[in-house]
Amino acid sequence: MLVIAILLVTVTMLSLMIGARDVPLRVVWETLIGISADSDAETVLGLRIPRTVLGLLVGAGLGVAGALIQAVTRNPLADPGILGVNAGSAFAVAIAVGVFGITSPPAYLWFAFGGALVTTIVVYLIGSAGRASISPARITLAGVAIGAVLAGITSAMVLADPKGFNAMRAWESGSIADRGWEVVAVAAPYLAVGLVLALLLGRSLNAVALGDDLARALGSSVPSTRILAIVAVTLLCGTATAMAGPIVFVGLMIPHLARWIVGPDQRWIIAYSMLLAPILLVAADVLGRILLRPGEIPVGIVTAFLGAPVLILLVRTQRASAL
Amino acid sequence: MTAPDTRLHADDLTLAYDRRVVSEQLSISIPDQSFTVIVGPNACGKSTLLRALSRLLLPSRGEVVLDGKAISSYRAKEAARIIGLLPQSSISPEGITVVDLVGRGRYPHQGLIRQWTDQDQDAVEAAMLATNIVDLRARQVDELSGGQRQRVWAAMALAQQTPILLLDEPTTFLDIAHQIELLDLFADLHSAGNTLVAVLHDLNHASRYATHLVAMRDGRVIAEGAPREIVTSTLVREVFGLECRVIEDPATGTPMVVPESRAVRTARA
Amino acid sequence: MTVNTRAPRRRRVPDGHLALPVPGGRIPIPRRGLLVGTIASSAIIVVAVTALTLGDYPLTVPEVIAALFSDQGFASRIVGEWRLPRIVAAIVFGAALGASGALFQTLTRNPLGSPDIIGFSTGAYTGAILVITIAGGGFIAVSAGALAGGLATAAVVYVLAWRNGVQGFRLIIVGIAVTALLSSVNTFLLLRAQTEVAMSAAIWGAGSLSLVGWDQIAVTAIPLLLLAVGTMIVIRPLRQLELGDDAAHAHGVRPEPVRLLVMVVGVALIAIVTAASGPIAFIALAAPQIARRLSASAGIPVAGSAIVGAFLLLAADVIGQHVVPGSAPVGIVTVVIGGIYLIALLVNEARRQL
């Protein structure tokens with residue numbers, strides 16, 4: 001626990017320090033507490049603080065959403081990114097921005113929720129098969145297929161409207177740069193509600209993990225758990241994507257790490273995911289700033305590069321059961 | 001012991017999955033035209049041995065010999081015309097009909113030059129007749145009950161028309177009537193001159209039907225021979241860790257194992 | 001109960017099949033599959049002839065037929081050089097995509113396990129983007145890049161999914177991981193490229209038959225023909241593999257080499273099409289399942305999938321050219337087809353559970 005807290009603080013500090021222009025730790029500290037005289041540093045930090053905060057929040061949202069999806073679908077390879085939830089959310093936002101010309105975050109946030117909700121329900125329909133065991137491959141493939149359809153439609157819209165092309169490009173890959181405070185301020189409360197809901201669902205999810213029949217026998221209400229989980233995932237993914245665009249693999253990797261540290265209790269997995277995921281995301285963002293100086297790699301691309309090998313490793317070491 | 005002139009025998013096998021060694025220096029000889037049954041507790045290596053005999057598992061050391069040659073030196077289809085296997089679990093393609101599935105068993109006899117012939121047609125019909133599924137021929141395999149499906153798989157193995165047939169726990173998941181029905185079918189096959197090697201988990205069924213019984217434990221053969229000779233309460237204790245009485249099966253005269261009940265054991269203790 | 005005294009006709013092939021005599025016996029052909037194939041082929045011919053009449057210079061059907069079979073001057077040029085190659089390409093490429101999808105979905109035992117979802121198209125796209133951004137792009141160069149990209153991706157996915165053999169499940173998941181990776185690489189490359197370059201890459205990425213003429217068809221014809229033969233060779237062992245590795249092994253099929261061969265043929269089919277026309281999504285996904293449902297067959301019919309695929313791609317191209325205002329690349333139309341197909345799939349699944 002202590003280690004995690006230290007890592008969190010370290011990563012936050014690094015995020016504030018590193019970039020096209022590095023700011024030394026001392027100056028960062030002074031600026032934060034308001035006694036700095038370096039106005040350049042202030043400007044730079046003025047960009048980095050919202051970026052870092054955004055990274056922490058988005059990370060928490062995605063990590064917990066991943067834990068929820070993995071628990072509800074009993075699929076250890078689920079991730080809101082792969083399952084198309086984030087793609088659906090981003091697509092809805094792209095439509096809002098590109099088609100309806102909506103640029104104010106409070107408005108397009110609702111599009112993000114709508115997109116996340118629709119895609120999550122679609123995944124839920126395919127995934128929860130009652131008595132039959134849920135096929136991880138089938139849900140994952142469905143998500144990928146949905147993502148492909150959305151990507152195709154997006155590219156069609158893009159080709160039709162080249163001016164909108166550049167605006168859309170911003171939503172194709174997750175990035176926490178240059179998003180500004182407005183979106184954070186609007187989305188944060190919803191994110192908080194989602195996180196709290198997720199924590200409260202922990203116990204019910206422990207029961208669901210045993211299988212529908214057994215869960216019911218233990219007195220847990222499976223449908224309402226699922227519905228609440230969907231609501232939570234919608235809030236979390238919707239806000240995360242509205243803030244940063246579609247990011248994959250964070251929701252996949254972090255719950256596994258959490259489970260490895262803390263065991264199969266969903267309550268702890270969710271709590272630890274909430275803390276570990278921000279570390280990963282901000283670290284990935286920092287990495288993106290370092291690797292291509294003075295340019296940057298958007299964080300969504302870095303997580304894809306980090307996550308793909310992890311997914312491959314996971315499927316190779318787990319004894320792959322039948323479809 | 002090892003009779004070197006049997007068609008199928010295994011010499012000094014080491015069988016392993018990844019790193020886990022199941023059997024070492026295992027030798028066994030399947031008497032020609034016998035109904036050999038391999039029994040033993042869970043994880044004793046009986047299924048592993050069967051898989052090795054059927055070429056599914058490559059031994060790390062030693063070799064399985066078929067008709068004097070190492071089985072691994074046979075071309076796949078060649079071997080498939082001599083040894084058939086009814087695996088423990090198989091997948092039926094969605095929407096396949098019974099007659100089509102049975103027909104798939106004819107593959108080893110076909111090739112680019114030899115497509116579907118009258119022999120294939122006859123083999124399929126005979127197999128369906130023997131397993132009593134002729135009136136199910138147009139049904140979809142997915143819709144059948146567990147017992148019916150197992151008979152269809154058995155028919156597919158029969159359609160392969162191999163002189164040696166290996167059966168991996170063919171009666172699991174069947175109710176008792178279907179278990180006996182299937183075993184009787186195999187007995188008929190055996191009477192017709194085929195060599196059968198089956199892994200069974202029910203010791204009494206094994207004693208009834210086997211002409212040659214092989215008892216395994218921890219990857220080793222503990223005893224082999226005719227059931228009447230080797231099935232004793234001592235053997236059952238050694239192989240299964242079960243206290244029992246062995247009586248004569250009233251229907252067939254073969255040995256029948258009756259487990260001791262706890263009340264009796266406590267009374268004796 | 002009356003006893004049927006008529007002697008049963010001796011069956012020559014399994015029930016529900018027609019016998020096609022060949023040296024060495026006969027080939028059983030599923031009756032319903034034959035019917036569906038015939039109807040679908042007729043539909044293709046109808047659509048093709050219709051498509052030949054449409055365009056900036058409308059022709060009537062008799063004029064088209066005359067122009068095809070005799071030299072009618074200008075009309076023959078329009079039909080023969082402008083319209084026919086595109087139609088032939090749609091049919092041939094659609095068939096290749098359908099067959100590829102059938103092979104992969106049978107191999108992975110999953111109706112969603114089609115090569116464009118598992119990632120070979122994304123790899124081809126990466127190859128094309130690299131060529132376009134670095135070398136400026138010309139048809140041959142871009143095609144070569146796409147081919148190399150797709151094949152390399154397939155090889156990587158296979159190796160990574162191999163662990164004492166390749167299981168359908170592992171193949172799918174590794175494919176998805178690699179797709180996600182390459183997809184973000186593509187996004188990244190496009191982000192950093194100049195707008196015009198990014199645009200032309202995006203256009204290529206939408207998949208179009210408009211640049212395919214007789215030359216391009218000629219180049220792809222021989223490999224596709226070889227692959228067609230390869231497909232026919234590989235179908236029978238694949239059917240055995242459908243029964244599970246153990247049963248297949250017992251029948252004399254070596255599972256791993258067959259799987260590898262099937263994958264090679266399947267990937268080559270889609271790679272060649274992608275190289276020639278850009279990634280065309282969802283034909284490989286939808287055609288096999290549609291074919292299977294229509295012909296009520298066991299497993300997925302490869303020939304049927306090819307015919308359905310040809311029809312779908314031809315129809316999509318015709319729609320993209322003549323129905324959509326302003327004309328859309330065929331890849332966009334197939335995305336819409338894919339979306340509708342997935343929705344239908346979902347509704348089906350939902351209905352089954354409620």
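**View 1. Chain A, where 53% of the 323 residues count as buried.** A buried residue has 20 or more other C-beta atoms within 10 Å of its own, with C-beta atoms placed from the backbone. This is a predicted model: local features need pLDDT of at least 70, side-chain atom pairs count only at pLDDT 80 or more, and totals for chains, interfaces and linings use all residues. Residues are numbered from 1 along each chain as its sequence is written, while chains are lettered from A and ligands numbered from 1 in the order in which they are written.

**View 2. The fold of chain A has 13 helices and zero strands.** Helices (H or I, at least four residues) and strands (E, at least two) are DSSP runs, numbered from the N terminus. The pattern along the sequence is α-α-α-α-α-α-α-α-α-α-α-α-α. Among contacts with a separation of 6 or more, 76% join residues 24 or more positions apart. A contact means C-beta atoms, placed from the backbone, within 7 Å.

**View 3. Chain C carries 14 helices and two strands.** Its radius of gyration, taken over C-alpha atoms, is 22 Å, close to the 20 Å that the globule rule gives for 354 residues, so chain C is as compact as a globular protein of that length. That rule is 2.2 Å times the number of residues to the power 0.38. The C-alpha trace of chain C spans about 80 × 60 × 50 Å along its principal axes. Of its 354 residues, 57% are buried.

**View 4. Chain C meets chain B through 29 residues of chain C and 34 residues of chain B.** On the chain C side, β2 (25-30), α9 (214-241) and α10 (245-250) each give two or more residues.

Definitions and conventions: Buried ≥ 20, exposed ≤ 12 C-beta atoms within 10 Å, placed from the backbone. Contact = placed C-beta atoms within 7 Å.
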